[in-house]
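Subject: Handover of a two-chain structure

Dear colleague,

Please find the structure below, together with its sequence.

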Amino acid sequence: MNQIDCQLAQQHLDDLLDGYLPQAEAAATALHIAGCGACAAQRQAAEEFRAALRQMPAPEPPPGFADAALAAAARSHAPVPTAWWKQRERRRPRGTPWQRLEVWAGAAIGAAVAMALMVALWGVPQSGELLPEPADVRVVMYEAREIGVAIDAGAAMPGATLTVFVEGGIDLVGYGERREVRWQTDLDAGTNLLSLPIIAHSLQDGRLTALVEHGERVQRIDVRVGVDTPPAN
Amino acid sequence: MAQCPVPDQQAKDRSADEFDRLLRPLIPLLYRQAFRWTAARDQAEDLVQDLLVKIYPRLDELAALDNVQPWALRVMYRIFVDQHRRVTNSPVRPAHELPEHGQGDIENPGEHFPDESPQPPEQLERELLGRRLAAAWTMLGEDQRIVIAMHDIEGYRLEELAGMLETPVGTLKSRLHRARARLRELLAAEPFADAIRVSERRGTL
C-alpha cells in the first residue's frame with residue numbers, strides 16, 4: 001500500500017467520507033489519518049460539519065398545506081366550468097374573462113364559484129369623491145376562488161381595455177406571478193360580468209383593481225382581499 | 001332518488017385520489033427540499049404548489065414509476081431553475097436579505113438561538129455551530145445550496161443527482177467541493193459578526 005502525506009490525506013478527506021475514494025486509496029488515507037493527530041482532527045471537524053448540516057432545521061409544511069396544494073393542483077386541471085358559455089359568446093376575444101351576466105347568473109355554477117358580485121355603473125362621474133368604496137372579500141389561503149364584477153354599460157363599447165392589477169398575497173389564477181394583466185374586449189350594452197379567479201399564496205392581505213377604459217372614459221373597481229388560514233385537518 | 005355521478009366526474013375523482021395517494025407522502029420531503037433550496041417558506045410553498053400543478057396531468061406517467069420521489073425532485077428542480085432562481089448568484093446581497101445575527105433557523109433563526117442557561121459545552125458548541133450554519137446557508141448560491149442539500153443532507157449519490165439535475169457527475173463534484181469550501185469560509189468568518197453583535201448588546205456601539 002502506498003504511503004501518503006498530510007496534504008494528500010486532506011485532499012482525499014471529503015471523498016473518503018463520501019465513499020467515492022477507490023478502495024486502495026481509501027485504505028491508505030485511513031491509515032495515514034489513524035496515525036496523524038492533525039489529519040485526525042481534520043477528519044473529526046469534517047464529520048462534525050456534516051452532522052451539523054444533517055441536523056440543520058427545516059420546517060414542516062404549514063398545517064393544511066398538503067390538502068390545499070393537492071386540491072389546487074386538481075382544480076387547476078379541471079375543465080373550466082364556464083367553458084360552455086364561450087361557445088355561445090363567440091364574439092368575445094378568447095382569453096378575456098368576460099361573460100354576459102344573464103348567462104353567468106343563470107348557470108348553476110354561478111352561486112358556487114362567485115365570491116362577490118359588485119356592480120359598477122358605467123358612466124358614473126369619475127371624480128375621486130364618487131369612486132365606489134373598495135369591496136371586501138375573504139379567501140382561504142391556497143383555495144382558488146372567483147370574484148365576479150358586473151359592469152353595466154349604457155351602450156355597446158367595442159375595443160374596451162380591461163386591466164387587472166393584483167397586490168399583496170394574491171395571484172390571478174393562470175397568470176403565474178404577473179401582477180398586471182391586460183385584455184382588449186368588447187362590452188355589450190347592458191350588464192357584462194368580469195370573472196376573475198384568484199388564489200392567495202400567503203396570509204398577506206391582497207388588493208385587486210380592475211380598470212376598464214373606453215376612449216376617455218375609465219371605470220375603476222377595487223376589491224380588498226383578506227386571507228384566512230386554511231382549516232387544520 | 002340519489003343522483004349517480006356522471007362518468008367524467010368519476011374519472012376526475014379517481015385521478016385526484018390517485019394523485020393524492022402518490023404525492024401526499026412526498027410533500028413534507030419536497031417542502032423541506034424546496035425550503036433548503038430557496039431558504040424562504042413562501043418560496044418553498046410556491047415551488048411545491050407549482051410542482052403539483054405541473055405534474056397533475058402526468059398522472060399516468062407518475063403511476064408507472066417505481067419511485068416517484070427522484071422524478072418529482074427532478075421536475076421541481078427544473079421549475080426552480082426556470083422560474084424561481086435569481087438570474088445571477090452575486091456574492092453581494094442587499095442588506096435586508098441577509099440574516100440578522102442571532103438567527104438560528106434559516107428564515108426565523110431567532111427561534112433556535114441557544115438559551116443562556118448552563119448547558120454541557122458540547123451541546124452549546126453544537127448549537128452555536130448550527131446557528132452559524134443556518135446563517136451562512138442563506139449566503140450560499142442557489143446551486144451550492146441545492147447540491148449540499150441533496151447530497152450531504154438528503155444523502156443522494158452524485159450519480160443519482162447527475163440524472164436528477166441533468167448535470168455531469170464531474171461538474172456536480174466540483175460544485176459540491178466549492179460549496180462546502182464556501183460554507184466553511186462563511187462559518188470561519190461568522191465569529192467576526194458575532195463580536196459586533198456582542199458589542200451592540202453591551203451598548204458599546
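A polar contact is a pair of N or O atoms within 3.5 Å; within protein, one atom must be able to donate a hydrogen and the other to accept it, and residues adjacent in sequence count only if both atoms are side-chain atoms. By this rule, 8 residue pairs are in polar contact across the interface of chain A and chain B, both residues being at pLDDT 80 or more.

The model is predicted, so local features need pLDDT of at least 70 and side-chain atom pairs count only at pLDDT 80 or more, while totals for chains, interfaces and linings use all residues. Residues are numbered from 1 along each chain as its sequence is written, chains are lettered from A and ligands numbered from 1 in the order in which they are written, and side-chain values use heavy atoms, with hydrogens and water left out.

The two chains

Chain A has 7 helices and 10 strands, where helices (H or I, at least four residues) and strands (E, at least two) are DSSP runs numbered from the N terminus. Chain B, by contrast, has 9 helices and 0 strands. Of the 233 residues in chain A, 45% are buried, that is, under 20% relative accessible area, with exposed meaning over 50% and partly exposed in between (1.4 Å probe, protein chains only). In chain B, buried residues make up 42% of 205.

The accessible surface of chain A comes to about 11,800 Å², and 53% of it belongs to carbon and sulfur atoms; such areas come from the Shrake-Rupley method with a 1.4 Å probe, and for residues only the protein chains shown count as cover. Chain B exposes about 11,000 Å², of which carbon and sulfur atoms supply 52%.

The interface

At the interface, 35 residues of chain A are in contact (heavy atoms within 4.5 Å) with 44 residues of chain B. The size of an interface is often given as the accessible area lost when the parts come together. Here the two chains bury about 3,500 Å² between them, 65% of it on carbon and sulfur atoms; this is the area (1.4 Å probe) that the two parts lose on being put together, summed over both.

Between chain A and chain B there are 6 salt bridges, each a side-chain nitrogen of Lys or Arg within 4 Å of a carboxyl oxygen of Asp or Glu. The side chains of B:Arg24 and A:Asp67 form a salt bridge at 2.7 Å, N to O. On the side of chain A that touches chain B, helix 1 (6-18), helix 3 and helix 4 each supply at least two residues. Helix 4 of chain A provides the largest share, 10 residues.

Individual residues

B:Arg180 is found in helix 9 of chain B and counts as buried, at 0% relative accessibility. Its side chain joins that of A:Asp18 in a polar contact of 2.8 Å. Beyond its neighbours within four places in sequence, B:Arg180 is in contact with residues of chain A including A:Asp14 and A:Phe49, and with residues of chain B including B:His151 and B:Asp152.

A:Glu60 is found in the loop between helix 3 (37-55) and helix 4 (65-76) of chain A. A:Glu60 is partly exposed, with a relative accessible area of 48%. Leaving aside neighbours within four places in sequence, A:Glu60 is in contact with B:Pro28, B:Tyr31 and B:Arg32.

B:Thr167 lies in the loop between helix 8 (158-165) and helix 9 (169-201) of chain B and counts as buried, at 11% relative accessibility. The side chain of B:Thr167 reaches the backbone oxygen of B:Leu165 at 2.9 Å.

Yours sincerely
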